[in-house]
Amino acid sequence: MIEKHYDDYISALLAGNRAKCTSIVKELIEQKVAVQDLYVNLFQTSMYEVGKLWESNQISVAVEHMATAITEGLLNLVYPLIFAADHVGKSAIVSCVPKEYHQIGAKMVADIFELNGWDGYFLGANTPENEMLQIIEEKKPDLLALSMSLYFSLRTMEQTLQAVQATFPQLDIIAGGQGFLWGGLDVLAKYPQVNYVDSIVKLEKLIRNG
Amino acid sequence: MGDMGTLQLSDIIYQHLYQEACLIFLCVDQKGEILDVNQYARDMVGPDLMTKITNLYDVLIDFGNLPSLEELLKDGRKPRMLNFNTVGGLPQTFYFHFYEHDSDILVLGQQDNEETEILRKHLLDSNSEANNLSRELQKSNVQLAKLNELKNHFLGMAAHDLRNPISIIQQYSEFLLSETESKLAPEQLDLLSKIRNSSHFMLTLLNDLLDISKIESGKLDLELHKTEIVSFIEKCLVGNRVLASKKKIRITYHHYEKLPLVRIDRTKIEQVLNNLLSNAIKYSLPQTTVQVSVFQSGDYVMVSVKDQGPGIPENEVSTLFDAFHTSSVKSTAGEKSTGLGLTIVQKIVIGHQGKIWVDSHLGKGTTFFFTLPILEEDLQKEKVYKSGATLDIKSNLAETIPLNILVVDDEPDQVALTSLLLGQLGYSPQSAGNAQQALEKINQHDYDLVFLDIQLPDIDGITAARHLNQHYPKHRRPRIVSITGTNISQDQCVQAGMDGCLRKPVALEDLQSTIIEIGGGIRKPSDTPEAMASENVPSSPNENQSLEKQSCLDQNTINGFKSIDPEFLNELIDMFMEQTPVLIQELRNAIEYKDSEQVLHLVKQLQGSSSTLGAKPLAQWCVQHIENQNTGNSISEHDFINQLEVLFGQTAEALEQIRDK
């Protein structure tokens with residue numbers, strides 16, 4: 001179903017045609033396409049494609065930002081389905097590391113938690129470290145998920161991991177994001193309670209296995 | 001680099017500037033006329049540049065302080081911030097440099113990229129933030145809905161499971177009290193009474209909680225049945241009269257003899273009535289009266305329960321229907337309240353598509369009103385009945401509403417017929433065979449009412465009506481009612497300044513209701529002695545005025561109320577007099593705020609209350625306004641409300657007289 005619409009969708013997304021994108025997503029929701037499918041095969045695939053087009057200088061950063069903004073808006077259409085799931089009493093805090101402004105991937109991760117019955121609290125882009133620690137203290141989550149979209153944020157990622165570990169040594173952490181395609185797994189390996197999650201499929205598996 | 005190289009470089013730069021660069025480049029003469037532009041400027045301004053837009057000052061946005069070209073050139077190297085009209089519709093700010101070149105002026109403008117970048121970042125951040133907030137909001141909404149569901153479930157379970165043991169306590173204590181009344185000491189009996197009363201109160205509270213949890217879970221399952229409301233209420237009053245008599249309180253019941261059917265869940269509406277009545281009894285002192293009334297108001301049946309209790313403080317009225325509302329007003333015999341009764345009542349009434357509200361005055365009492373919609377089929381029947389109604393013909397109408405009438409028609413047979421019919425009502429009309437003759441007669445005599453044919457041989461009726469309106473102030477000209485066989489609309493008649501429109505063949509009933517309806521609005525030109533003398537009216541001016549005022553009201557309706565209960569009529573009048581000015585003020589506010597939905601709602605409300613009291617001209621004015629809104633032919637809101645106030649003033653005076661009598 002998604003394959004049929006994908007080309008139209010990505011063309012509309014790159015042309016900034018928000019109305020067309022909205023109508024495609026609405027149609028897919030009406031056709032009862034699974035939310036996971038929508039996230040992985042439409043939103044994620046198209047955003048990866050947009051990223052590649054930018055990196056290969058085929059589109060400008062302005063177009064990349066526009067496509068991101070449209071995709072974020074489209075997530076709102078899916079929320080009524082996401083938050084309707086029965087909750088299992090577990091919660092995760094999902095956040096971008098400080099100075100990391102690409103939030104859409106992290107937000108999708110938070111939504112996947114919701115879809116699987118967890119409370120997925122999303123803190124947004126560029127969350128200052130002390131704020132993050134404060135919310136962890138307040139919400140007492142079962143898991144912290146940290147997103148890194150750009151490899152340049154690796155240093156901040158490590159600083160964040162150290163700070164969280166120092167205050168909440170027992171807290172399980174997962175890390176992921178496109179930034180790790182360029183390296184950084186060796187840094188994660190230094191922290192035993194940190195798991196690297198490279199895809200939504202793997203994330204769902206991890207959630208279901210508790 | 002040699003000459004050739006320099007030349008080539010400037011060519012390259014010029015070509016780039018002309019074709020590719022994101023920089024505005026214009027060449028203008030000393031008057032600002034555009035001589036040449038680059039591609040970017042064309043893209044920004046659009047194809048009209050150089051064809052329709054030919055001067056620099058037509059492209060720049062002028063906020064009233066645009067400097068002259070001379071001034072701009074003075075300091076050409078310093079960037080000048082100016083706004084540029086673009087084809088996209090949004091103006092853009094460019095930083096311009098002005099250079100003199102031979103006799104021409106070169107204008108170069110560029111945007112501040114840093115500024116644009118800051119704007120883009122802010123927009124992206126705002127968008128992300130808004131999306132995050134939307135996510136939080138949606139999550140909270142779902143959480144709240146789930147929590148509310150859980151609360152209702154819990155409430156229902158708790159209340160249900162507690163109900164049985166408490167019922168047992170209540171029943172056994174009741175049993176013990178009746179069985180041991182003669183055997184136990186008064187103190188012991190008192191203890192038992194307390195157990196019984198407390199368990200009874202707990203049972204009431206649990207029942208209310210169960211009701212609330214059911215209603216809030218969307219389970220207000222109404223079993224609707226067509227019901228004759230007058231006798232239904234009568235039955236509901238039986239039990240309440242017993243309760244009231246224990247406190248020496250009287251319950252009276254006022255109603256129309258017959259009302260259209262309503263579709264209600266009888267158990268639930270009985271619960272509403274029982275609650276309102278038990279509240280009224282609870283807060284009333286002995287030797288007072290609780291009055292229940294039911295009457296028709298527009299498309300609704302309106303029920304009211306009025307007590308003579310202490311009234312509700314104004315600041316508590318707005319929260320009266322909230323769950324667990326507590327009032328500072330104390331019951332007169334220490335009766336307890338669960339604080340849920342009115343919440344349930346409100347939800348039941350709303351579930352029936354009705355409305356509920358309260359009118360309370362400290363020290364005077366409280367009246368609860370609620371409405372129930374009349375069955376659509378009954379409304380239709382009623383409309384058919386009204387349109388084909390056979391009124392009682394009043395052969396002495398001319399005595400009650402004395403009028404000088406002129407009948408204008410070119411058909412002698414039609415004149416004869418209309419005169420014959422008017423004669424049956426006691427009138428002796430004069431006649432005119434064409435418009436010219438009619439206008440001459442109107443000029444010479446003081447007619448109160450003119451029945452005017454539309455298709456006249458000389459001047460048509462519409463033109464004649466317009467002429468009368470232009471040449472006479474409204475209060476000095478006769479009222480004009482068209483009698484026509486054409487398909488002219490009522491709106492066209494009103495627009496021409498007529499007061500009514502009748503269709504041929506005209507029935508006697510139509511003539512009579514027209515005279516009753518608009519005859520009351522007629523003001524005689526009695527402000528000069530001559531005019532007084534010329535009026536051949538048998539009554540004194542005071543009597544005449546009184547008749548005029550009273551004809552604002554349908555005497556049948558008033559007499560009907562009088563025959564049922566004069567006291568009730570007085571109360572209806574009081575209510576009308578009290579509420580209508582408030583309503584008119586609300587109407588003014590709604591008009592000011594251009595809230596057309598509220599205007600329509602208020603006009604309908606006013607139409608309903610006026611109809612109830614038989615204030616036909618007022619009701620008719622409201623109907624007219626509603627119809628005009630539907631057809632889009634409305635007069636100005638200002639004129640509407642002004643006339644409305646005039647009509648209300650006349651109606652109020654007439655009602656005062658009836659009240660005094």
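Keep in mind as you go that the model is predicted.

**Step back along the helix.** Now select residues 412–424 of chain B, which form helix H13. Its 13 residues reach 18 Å from the first C-alpha to the last, close to the 18 Å expected at 1.5 Å a residue.

Which residues of H13(B) are buried? Show the side chains of Gln414(B), Val415(B), Thr418(B), Leu421(B) and Leu422(B), and you have them. They cover an arc of only 135° around the axis, which puts them on the same side of H13(B).

**Over to a strand.** Next, pick Thr289(B), which lies in strand E9 of chain B, residues 289–297. Is Thr289(B) buried or exposed? Its relative accessibility is 17%, and the cut-off for buried is under 20%, so Thr289(B) counts as buried. To see its surroundings, display Arg250(B), Thr252(B), Lys306(B), Asp307(B) and Gln308(B): Thr289(B) is in contact with these residues, leaving aside its neighbours within four places in sequence.

**Zoom out to the whole chain.** Colour chain B by secondary structure and you can follow 24 helices and 17 strands. Of the 661 residues in chain B, 42% are buried. Taking the contacts in chain B with a separation of 6 or more, 65% are between residues 24 or more positions apart.

**Finish at the interface.** Bring chain A into view. Here 25 residues of chain A are in contact with 14 residues of chain B. Together the two chains bury about 1,500 Å² between them, and 45% of that is on carbon and sulfur atoms. Select His65(A), Asn76(A) and Phe83(A): they supply 33% of the area that chain A buries against chain B, more than any other three residues.

How many salt bridges does the rule find across the interface of chain A and chain B? There are three. For a last stop, select Glu114(A) and Lys139(B), which form a salt bridge whose closest N and O atoms are 2.4 Å apart.

Methods:
Residues numbered from 1 in each chain as written. Chains lettered and ligands numbered in written order. Predicted model: local features only at pLDDT ≥ 70, side-chain atom pairs only at ≥ 80, totals over all residues. Heavy atoms only, no water. Helix = DSSP H or I, 4+ residues; strand = E, 2+ residues; numbered from the N terminus. Expected span 1.5 Å × (residues − 1). Buried < 20%, exposed > 50% of the residue type's maximum accessible area, 1.4 Å probe, protein only. Arc of directions from axis to C-beta. Contact = heavy atoms within 4.5 Å. Buried area = accessible area lost by both parts, 1.4 Å probe. Salt bridge = Lys/Arg side-chain N within 4 Å of Asp/Glu carboxyl O.
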